[in-house]
Amino acid sequence: MDITKIFAILCGFLLIICLTLSITCLVVMRNAVAETSMWQERAALLVNELDGCVEAMKNIENEDVPVLAPEAEEKDETKTRYCLRLDGERIGIYDADGYLIEYLEIKSMLLPTKEREILSTGIWAESWKDLQKLIENYE
């Protein structure tokens, strides 16, 4: 075989590889452009929707909304009670519905037996301020 035929065959293979790579690059670029235009359309729709939201917020700011103060009876109804109660080895703060708010860092084993018995049944406070005073007594 002549050396020119070998070079011709090698050049043909290189040409096929270059054509394959260029076609692949063109397909990837076409898909990227299509995806970019899709994202641009979605961004335009989102901007239009947000413009409507901004306009609605501007209109809300302009409206004069009257604020009504609760009457004395309503203030008493919304008052929350708190309970300081022993839960195993920890002392917890509970709301009036019995949900745990947080545990205190106080070690219950250091408290006298009488205090632990009182805490096992629970001590109620009528406000958060009263509860803070109660906690200070145990610290």
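Predicted model: local features only at pLDDT ≥ 70, side-chain atom pairs only at ≥ 80, totals over all residues.

1. Residues are numbered from 1 along each chain as its sequence is written, and side-chain values use heavy atoms, with hydrogens and water left out.

2. In helix H4 (residues 128–138), the buried residues are Leu 131, Leu 134, Ile 135 and Tyr 138, where buried means under 20% relative accessible area, exposed over 50% and partly exposed in between (1.4 Å probe, protein chains only). Seen down the axis of H4, these residues fall within an arc of 100 degrees, so they line one face of the helix; the arc is that of the directions from the helix axis to the C-beta atoms. Helices (H or I, at least four residues) and strands (E, at least two) are DSSP runs, numbered from the N terminus.

3. The face of H4 turned away from its buried side carries the exposed residues Lys 129, Glu 136 and Asn 137. The buried residues of H4 pack against strand E1 (82–87), strand E2 (90–95), helix H3 (113–121) and strand E4 (123–125), contact meaning heavy atoms within 4.5 Å.

4. The structure holds one aromatic pair: the rings of Tyr 82 and Trp 128 have their centres 5.0 Å apart and their planes at 75 degrees, so the pair is edge-to-face. Rings of Phe, Tyr and Trp (its six-membered ring) pair if their centres lie within 6.5 Å, and planes under 30 degrees apart count as stacked, over 60 as edge-to-face and the rest as tilted. Tyr 82 is buried, with a relative accessible area of 14%, whereas Trp 128 is partly exposed at 35%.

5. The charged end of Arg 81 sits over the ring of Trp 124, 4.5 Å from its centre, and that of Arg 85 sits over the ring of Tyr 94, 3.8 Å from its centre; the criterion is NZ of Lys or CZ of Arg within 6 Å of the ring centre and within 35 degrees of the ring normal.
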